Structure formats: structure tokens, C-alpha cells
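Please find below some numbered remarks for your review, to be read alongside the model.

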Amino acid sequence: MLPLLQLGSLPSLPAILVGLLAIAVVLLVGRLVMKVAWRLIIIAIIAVAVLWILGMLGFQVI
């Protein structure tokens, strides 16, 4: 119990709640951004694969 008393007073419950809500918002926004990023990566992989295959077949695409 002594080390806990040396840390000083703990933050109030509303401050902890606001902090947790801020973390939740950051995680939610990050999740949405990652969802879009994954879709863009998948589209890019498909586009590069199609261009590569067309190049192997002899079509001049680029």
C-alpha cells in the first residue's frame, strides 16, 4: 500500500472515463482506416497481377 501512496492521487473517475473514450475513438477510427487500406492493397495487388500476366502473354501494357 505504501508504493501506491507515493504515486500521488489517482485521477478522478470522469478523467479516466474521458481517457478511455478517447482511446475508443482512436481505435474505431484506426479500424475504419485499416479497412479502407486493406481494400486498396487488395485492389493494387490484383491490378499489378493482371498487368504482369498481360505482360507475360506479350501484351504491351506499360
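1. According to UniProt, in an unreviewed entry, the annotation "transmembrane region" covers residues 12-33 and 40-59; UniProt positions follow the numbering used here, feature names are shortened, and annotations may be inferred rather than shown by experiment.

2. This is a predicted model, in which local features need pLDDT of at least 70 and side-chain atom pairs count only at pLDDT 80 or more, while totals for chains, interfaces and linings use all residues. Residues are numbered from 1 along each chain as its sequence is written, and side-chain values use heavy atoms, with hydrogens and water left out.

3. The protein has two helices and zero strands (DSSP runs numbered from the N terminus, with helices being H or I of at least four residues and strands E of at least two). Residues 12-33 are 95% helix and 0% strand, with end C-alpha atoms 32 Å apart, whereas residues 40-59 are 85% helix and 0% strand, with end C-alpha atoms 25 Å apart.

4. Helix α2 has 44 residues and spans 63 Å from its first C-alpha to its last, close to the expected 64 Å, a value given by 1.5 Å times one less than the number of residues. After α2 comes Gly58, whose phi is positive, near 105°.

5. Of the 62 residues, 0% count as buried (buried is under 20% relative accessible area, exposed over 50%, partly exposed in between, with a 1.4 Å probe and protein chains only). Val50, which lies in helix α2 (residues 13-56), counts as partly exposed because its relative accessibility is 44%.
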